[in-house]
Amino acid sequence: MLCGKYFLLHFLSLFFFKSTTVYGLIDPITGTFVVGAFVTGYFLNKSNYVLPYFGGCPKTFEIKDLEHDMKKSFFGQHIASKIVVSALAGNLHRSRNNKKPLVMSFHGSTGSGKNFLSDLIAKHMFNSEKVKELRYHVIHGRSKFPLQSKINDYKEKLYSDVKSAIKSCATNLFVFDEIHYIPMGILDILTPILENNDVSVDSRNSIFIFLTNTGSDSIIKKYLDLWVNGVSRELMKVQDFDTILLKSAFNEEGGLKKSAIIDSHIIDHYVPFLPLEKVHVQQCIEAELINLKKHLDSETKSEILQIITFGPEPQKLFSSSGCKRIKALVTTELESNLI
């Protein structure tokens, strides 16, 4: 027995075939294709499903593979690693029972790995570059919303774009980068989608991540307080940073200031990215060399480290740029060795 949409497609094809043959309006093969296109379009619109050959709509991915890659290339972030892996695993496990999409806010200084981890999640969520291109949406705060006078236009377009993406496929990753540059109030337009209250779209299988430098000073201050009191980095917990990040996000300038998204407790996890120390920068250098399948001697690697600025005074524990400059510095050294 044919079920649902396939029964209707079969029935309409027979009906259209018979009527067009009798009245000579169109040949039967063309008629079948016309009906097929009509019914396919109807059900795609109703189900928000995209057929694989139209770009793919993945439902799940393997968390263990992501975790493995994080251990190989994501350094110094034991708190962020634990939160993100647990949150993604729980979100996938609950799946249909989720009441809303997973929403996370990544906080930390430049080069601490916020963008890197977002890209890594996207790599594992979407099994091909084509699907990733369609389903991984990065919204840059600095360039996407430049004019204060057009805030209402930005809100309307943002809501429309996010909603359209989810209607075409339920599984998306939305990353809002540099939200400290997004004008206050714009992100609140997404509240119905983030709460899954817009009845015209089901957002539960998508993931939203906010990236911001907001709270980075508070993270460093709290870290140093703990460190001075004998708490090692590895023993620091998310509970040490959660409240200060929530307060920073709500009170500091940027897209989440005085936001209903925070006030309504829509963000599931405030994820602290700790400032990176010298040992982590060394790990980044090694990882970059492995990625490039190249080698540098110990002296050259030490010279790269000497270029990096460490602070704050007087401890000078943390790289001021994290690992952000490492790729460029390693590449420069490799090129200079060829000259």
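Predicted model: local features only at pLDDT ≥ 70, side-chain atom pairs only at ≥ 80, totals over all residues.
**View 1. Confidence along the protein chain.** The mean pLDDT of the protein chain is 86, with 83% of its residues reaching 70 or more. Confidence is highest in strand β7 (residues 318-319), at a mean of 98, and lowest in helix α2 (residues 28-47), at 43. Over residues 28-55 the pLDDT is below 50, and this stretch has 40 contacts in the model beyond near neighbours in sequence. Residues 1-26 also stay under 50, and here the model has 20 contacts beyond four places in sequence.

**View 2. The largest pocket and its lining.** Here you can look into a pocket with a volume of about 1300 Å³. Its lining counts 41 residues, and those nearest the centre are Ser 73, Gly 113, Asn 115, Phe 116 and Cys 323. Sorted by class, the lining holds 15 nonpolar, twelve polar and 14 charged residues. Several helices and strands each supply at least two lining residues, among them α3 (63-73), α5 (114-125), β3 (173-177), β4 (207-212) and α15 (326-338).

**View 3. Strand β4 and its neighbours.** Now zoom in on β4, one of the contributors to that pocket lining. Six of the six residues of β4 are buried, so this strand is largely enclosed by the rest of the structure. Ile 207, Ile 209 and Leu 211 point one way, while Phe 208, Phe 210 and Thr 212 point the other way. Strand β1 (residues 102-108) pairs with β4 in the parallel sense over six bridges, and Leu 102 has Ile 207 as its bridge partner. Strand β3 also runs parallel to β4, joined to it by four bridges; look for Phe 176 opposite Phe 210.

**View 4. The largest cavity.** The search of the whole structure finds two cavities of 30 Å³ or more, and the largest has a volume of about 90 Å³. By class, the lining divides into six nonpolar, four polar and one charged.

**View 5. The second largest cavity.** This cavity has a volume of about 40 Å³.

Methods: Residues numbered from 1 in each chain as written. Heavy atoms only, no water. 1 Å grid on protein atoms, 1.4 Å probe; cavity = no way out; pocket = protein on both sides within 12 Å on 5 of 7 lines; lining within 4 Å. Points joined across faces, edges and corners; volume = space filled by probe spheres on them. Nonpolar A, V, L, I, M, F, W, Y, C, P; charged D, E, K, R; others polar. Buried < 20%, exposed > 50% of the residue type's maximum accessible area, 1.4 Å probe, protein only. Pairing = 2+ DSSP bridges. pLDDT = per-residue confidence, 0-100. Contact = heavy atoms within 4.5 Å.
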